[in-house]
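Visitor: Please take a close look at a single helix in this model, and place it in its chain and in the contact between the chains.

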Amino acid sequence: MKYVLIILLLFHFIPLHAQTPAWLKNIGIRQSFEDDESSQNPGLFTISIPKEKRASYLVDFGLKYNLSAAAKQSQSSLIGEYHRNSIADAPVNNLQFGYKFMGILKKPEPLENVFDLLNPDYLQTYKTLKLNATAKYRYDQIEGSQGIAATAMFSYFQQEPKSSVKTRWSSWNSNKDSNFAYLMVPEFGVEIQHNFKADSTIYKGFVGRAVAGMQISFGSIFPNKNNPYVPLNRWLLTIDAKLRYDVVGKEYSSSRWHPLIKTNLDFFLLYSPVKLIFGPAFTYGDNPIAGFRQFNFEPQQFWTIAFKVQK
Amino acid sequence: MKKEKLQFPPFLSTDSTHKIGNVALAALLNRVKSARVVDGKILIGDQELSEYLAGQLGYESDDHSIKNLVKAAVLKAGGKIGPPQDLPDSSKLSDVLTTDAQYVLLTSYLDQVVKHFNEKGAVSLKEANACTLVQDAVDLVTGKINTSPL
């Protein structure tokens, strides 16, 4: 097990004002764009280059550019991801780029009267499934493999007035005293991977997987004097758990099961002029498409401790 | 079917406020009965009927401005309740809306607000996604309404 201290800038929270060029407003940055984007998942980019030793890397960086469309319920994007990790037991050096489609399966009901929005107590009931689908070219330098990967992940959104439902899905909940908030995002779907070229036959061929997961975030909050609708966090724990199973095709590793658990515990130290956040993160498991693979036939695990600066 | 451009007064918008609304409406109708025609214009006191009604229905007040409608749309899309006036113009949309489904709700609301004032106007998800601040969304809607051919 290895430890590394990281100073991290959360790029995607830097506000882009009205004067910003339109093309820049359509850019998004996350660690990955495969799944639901409800929880925080900022891009991670650290490189250490010592004079005498080999450089070390921890890069989980995804870039998205929204394409033009007049649609009201869907968004097409070009995406690229780069994953590189030399602090875990098995190294990662993985590049992906391709296309993403996000679609909301159920259209919101039209308002009876648009001025209902001005009623402070009004809240519309909205329940829907959401689809995140990607199709990507994939290159993995460690495996020496090239191929395609595609994912289709569904998540569930539910938001209603508190009088009619106790739990929201994919939308933040808070308790009666408004000092504790939590978010739950269920996901399920499929992914396929076909490596048409690889240095070893182990990594060559087709595999289809079933995927199920849950993202949970919860933590302590308190009122924000500057904005009553955006409370401030004291601390926040985020757990993103996924389980993949090789249903059809070959196995790239010793097991058909691929668990992946990512946890982050954030303590908020400063809120102005920038947010300063400190906390550990723990990763366990494997993710074949991203090149995060088993080591000695066991899931990998590693800790990081990070200072994060958020504007 | 062509949608009529009707603006209902806020006090007629929900069941919970109907009782107060009915009293206010009765008083308003009673005043309208006193209207008289002078030189082809319908006057109530010294005001034209259309100006009088607009003032009474609060269309020009800040509470029912486009800005507050957009702020209310942002709050409702984010699942939050409360007066829209309290949402700062400089709030980041990503602080209030945390998932794509909420941006789809916001797009639907903004589209309906724009269409209410300009039938040919429309707001896409891409345009809503490109808004960073609440003020950006206000500018987007105001711009779409102001391009009305009327």
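Guide: Of the 150 residues of chain B, 35% count as buried, where buried is a matter of having 20 or more other C-beta atoms within 10 Å of a residue's own, exposed of having 12 or fewer, and partly exposed of lying in between, with C-beta atoms placed from the backbone. This is a predicted model, in which local features need pLDDT of at least 70 and side-chain atom pairs count only at pLDDT 80 or more, while totals for chains, interfaces and linings use all residues. Residues are numbered from 1 along each chain as its sequence is written, and chains are lettered from A and ligands numbered from 1 in the order in which they are written.

Along the sequence they follow the pattern α-β-β-β-α-α-α-α-α-α. Among contacts in chain B between residues at least 6 apart in sequence, 52% join residues at least 24 apart, a contact being a pair whose C-beta atoms, placed from the backbone, lie within 7 Å.

The helix to look at is α3(B), which has twelve residues and reaches 16 Å from its first C-alpha to its last, close to the 16 Å expected at 1.5 Å a residue; the expected span is 1.5 Å times one less than the number of residues. Ten of the twelve residues of α3(B) are buried, and the helix is thus mostly covered. Among these buried residues are B:Leu69, B:Val70, B:Val74 and B:Leu75, and the lysines B:Lys67, B:Lys71 and B:Lys76 also belong to the list. The cover over the buried residues of α3(B) includes α4, α5 and α7 of chain B. After α3(B) comes B:Gly79, with a positive phi near 75 degrees.

The contact between the chains takes 46 residues from chain B and 49 residues from chain A. On the side of chain B that touches chain A, α3 (66-77), α4 (93-96), α5 (100-117), α6 (125-129) and α7 (134-146) each supply at least two residues, and α5(B) gives the most, with twelve residues. That side of chain B divides into 19 nonpolar, 17 polar and ten charged residues, where Ala, Val, Leu, Ile, Met, Phe, Trp, Tyr, Cys and Pro count as nonpolar, Asp, Glu, Lys and Arg as charged, and the others, Gly among them, as polar.

Notes:
Two residues are in contact if their C-beta atoms, placed from the backbone, lie within 7 Å. Helices (H or I, at least four residues) and strands (E, at least two) are DSSP runs, numbered from the N terminus.
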